[in-house]
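Here is a short report on one protein chain. Keep the sequence and the 3D view open while reading.

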Amino acid sequence: MTADIIDGKAFAATVRARVAEHVSRLASLDITPGLAVVLVGEDPASQVYVRNKGKQTVEVGMASFEHKLDVNTSEADLLALIERLNADPAVHGILCQLPVPDHIDADKVLAAIDPAKDVDGFHISNVGLLATGQKAMVPCTPLGCLMMLRERHGSLSGMNAVVVGRSNIVGKPMAQLLLRDSATVTIAHSRTRDIEALCRTADILIAAVGRPQMITGDWIKPGATVIDVGINRVPNGEKTRLVGDVDFASAVEVAGAITPVPGGVGPMTIACLLANTVTACCRANGLPEPE
Ligand code: NDP
């Protein structure tokens, strides 16, 4: 029997529809949630992400403010822009697309964003709030993964979860969210011993590594739910194609459920960004937040 395919594209559409509903309720109060996206330089992948974010922001009825800055923009000028966005009441969410050019300190930029407007959830205050189980802005990619897991399993309580990858933007917050939902969580990384055997203990396996098709079917416990966060561009004849960190063809034969790449985690990430912006807007206006 092959695994159920978790359709992130369809799920993201339902999340966006819920966001749009909330936005229209806010419109009746004369409130428009606004998302500012800052891009420094011309990284092609970042340009695509920023374009998609802007398009989907407008589609759900929110205001989109795009700030595309020259690659040579100084750190001081970028920080000054963030200060202006922090002070702008029309802006409820701010994100600075990473990576930033080498002459800019990404940590300094993330620290400059008002934590209440930090819809990426990367500010140290939000990281700390999440780690201590308090109300935080939660990073979008792990939040999207969690939503798909809850949809599939209902409760994650007591399940064994293995997160492969320990980055600040995916692996660590993913582990925190799983822990918050009472899963038993192990984080694996490049120094983990016998990682295949560890992965085979997982009821929930999250792959956030950045290595094309590293996790094959024989790493997977039969029936496990596999969430593939990886987005890797690999050669495909004259062209290229996207693959995940999981070898889909062998994994689908073993897993109980699996996210495809593309069409799994990716679309959920932007949907969660929109949801976070509405949440930030509601909090700023003292209104009840969406579920
Ligand atoms: P990072 O490069 O920041 O982190 C990768 C992690 O994988 C590190 O913790 C690293 O371990 C670990 N790792 C690397 N090689 C191995 C290995 N051979 N065995 C075990 N662990 C290994 O990546 P990100 O977390 O930023 O992204 C991960 C993937 O997710 C990428 O493909 C990225 O494109 C994708 N992504 C997708 C998003 C989406 O919206 N779908 C959003 C963000 C990212 P160590 O710490 O020891 O070096």
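## The open sheet

In this predicted model, 6 strands build an open sheet. Their order is β1-β11-β8-β7-β5-β6, and they pair in parallel. The edges belong to β1 (4–5) and β6 (184–188). Each of these two has a single partner strand, so one side of each has no neighbour in the sheet.

Inside that order, β8 (residues 225–228) sits beside β11 (residues 257–258). The two strands pair in the parallel sense over 2 bridges. Thr225 is found opposite Ala257 of β11. As a general point, strands of a sheet pair through backbone hydrogen bonds, either parallel or antiparallel.

How many residues of strand β2 (residues 34–40) are buried? The count is 7 of 7, so the rest of the structure largely encloses the strand. Both faces are covered. One side carries Gly34, Ala36, Val38 and Val40, and the other carries Leu35, Val37 and Leu39; all are buried.

Strand β3 (residues 63–69) runs parallel to β2, and 7 bridges join them. Leu35 stands opposite Ser64 in β3.

## Helix α1

Helix α1 covers residues 8–27, which is 20 residues. At 1.5 Å a residue, α1 should span 28 Å. Its end C-alpha atoms are 28 Å apart, so the model agrees with that expectation.

Which residues of α1 are buried? They are Gly8, Ala12, Val15, Val19, His22 and Val23. These residues cover an arc of only 105° around the axis, which puts them on the same side of α1. The general rule is that an α-helix has 3.6 residues a turn, so residues three or four places apart point the same way.

The buried residues of α1 pack against α6 (140–153) and α10 (265–284). On the other side of α1, the exposed residues are Ala10, Thr14, Ala17 and Ser24.

## Helix α5

Helix α5 spans residues 124–131, and Asn126, Val127 and Leu130 are buried in it. Viewed down the axis of α5, the buried residues fall within an arc of 105°, so they line one face of the helix. They pack against α7 (171–180).

Gly133 follows α5. The phi of Gly133 is positive, near 75°.

## Domains and the annotated span

The chain divides into domain 1 (28–117) and domain 2 (140–267). How far apart are the C-alpha centres of domain 1 and domain 2? They lie 28 Å apart.

An unreviewed UniProt entry annotates residues 6–120 as "domain: Tetrahydrofolate dehydrogenase/cyclohydrolase catalytic". In the model, that span is 49% helix and 16% strand. The end C-alpha atoms of residues 6–120 are 24 Å apart.

## His103

Where does His103 lie? It is in the loop between β4 (93–96) and α4 (106–112). Is His103 buried or exposed? His103 is exposed, because 11 other C-beta atoms lie within 10 Å, and the cut-off for exposed is 12 or fewer.

Ser46 is 57 residues away from His103 along the chain. The C-alpha atoms of His103 and Ser46 are separated by 18 Å.

How values were computed:
Residues are numbered from 1 along each chain as its sequence is written. This is a predicted model: local features need pLDDT of at least 70, side-chain atom pairs count only at pLDDT 80 or more; totals for chains, interfaces and linings use all residues. Domain bounds come from an automatic or database domain assignment. Helices (H or I, at least four residues) and strands (E, at least two) are DSSP runs, numbered from the N terminus. A residue is buried if 20 or more other C-beta atoms lie within 10 Å of its own, exposed if 12 or fewer, and partly exposed in between; C-beta atoms are placed from the backbone. UniProt positions are given in the numbering used here, feature names are shortened, and annotations may be inferred rather than shown by experiment. The expected span of a helix is 1.5 Å times one less than its number of residues. The arc is that of the directions from the helix axis to the C-beta atoms. Two residues are in contact if their C-beta atoms, placed from the backbone, lie within 7 Å. Two strands pair if DSSP finds at least two bridges between them.
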